[in-house]
Amino acid sequence: TGGRRCRRLEGETARAVLANADTLLFDCDGVLWRGEAALSGAPAALGRLAAAGKRLCYVTNNSSRTRVAYTEKLRRLGFPPAEPRHVFGSAFCAARYLRQALPPGAAAYVLGSPALAAELEAAGIPHLGPGPAALPGPAPADWAQAPLEPAVRAVLVGFDEHFSYAKLCQALRYLLRGPDCLLVGTNRDHRLPLEGGSAIPGTGCLVKAVETAAEREAFIVGKPSRYIFDCVASEFDIDPARTIMVGDRLDTDILMGNTCGLTTLLTLTGVSTLEEVRGHQESDCPARQSLVPDYYVDSIADLLPALED
Ligand code: PLP
Ligand code: CA
């Protein structure tokens, strides 16, 4: 599907593209807000879209918040009211995946946040973390004597600020039981940029560590996996031809949108730049072509003029 042009979305084109859409999927960080601050004009733009009758959904790779926590953040930052069912975080979607993939009563060993545990609970998936630090002996080789829970049939890796060698050991031991124990990762983002050019390691680093130890590839729930879009499409009547994916990252948001047949819109308020897009456009590698969005804006506030009557 060569020929995505990455044109600036403005004027009559913007009016026509928005008029043709009934659903917009928004990535969160870098599109709606940065950290705890709404991006200027973003709440107003979403307010207008909601008033125009568009369905707004939120699709984020961040596994460290629940659906409910996202609705609260949206409200706090002045966005139009959202219900939990409009929020597709990788924690919720991972719990949904395990509910479908695991036999009844099977449990998950989880490297992740309290939010990930909460979504598993809401989905009825028994789960355990590393438990209290009761390691059977001082040396890592002793840890291979720690008890294993027989019900565990999956290892789930999300954002875990307390990731450790001991947890990696335990994850490997469950996975060594064989292919009956699933390996699932919430997302592969390997770096989370901070203000001022700094960054922290993302969940992708933790997923890679477990994959390396287990010599297996994880099933990934978050963008660019189409599983996260399938979650949206299973809860709402989605016509891909009338759906716009709005994101700030080419390798997650835009790739997922293009893969799923959506119209893709890059906003330049986050990670990816127009130079990266131009680099992909100039290459004749098909994999790089699928990273090129249909349109771009400097910020989603630029959609406001096209939403005035
Ligand atoms: N994962 C974590 C832990 C994050 O904190 C973030 C952004 O803050 C992300 C992933 C990326 O989220 P999004 O898909 O909303 O850009
Ligand atoms: Ca983002």
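**Exercises on the site of ligand 1**

An oxygen atom of ligand 1 lies 2.7 Å from an N or O atom in the side chain of Thr60. This is a predicted model, in which local features need pLDDT of at least 70, side-chain atom pairs count only at pLDDT 80 or more, and totals for chains, interfaces and linings use all residues. Residues are numbered from 1 along each chain as its sequence is written, chains are lettered from A and ligands numbered from 1 in the order in which they are written, and side-chain values use heavy atoms, without hydrogens and water.

**Exercise 1.** State which backbone atoms lie 3.5 Å and 2.9 Å from an oxygen atom of ligand 1.

*Solution.* Step 1: at 3.5 Å there is a backbone N or O atom of Cys28. Step 2: at 2.9 Å there is a backbone N or O atom of Asn61.

**Exercise 2.** Describe the position of Asp27 and its contact with Lys223.

*Solution.* Step 1: Asp27 belongs to the loop between β2 (23-26) and β3 (33-34), strands being DSSP runs (E) of at least two residues. Step 2: Asp27 counts as buried because its relative accessibility is 6%, the limit being under 20% with a 1.4 Å probe and protein chains only. Step 3: the side chains of Asp27 and Lys223 form a polar contact of 2.7 Å (a pair of N or O atoms within 3.5 Å, one able to donate a hydrogen and the other to accept it).

Terms used. Helix = DSSP H or I, 4+ residues; strand = E, 2+ residues; numbered from the N terminus. Buried < 20%, exposed > 50% of the residue type's maximum accessible area, 1.4 Å probe, protein only.
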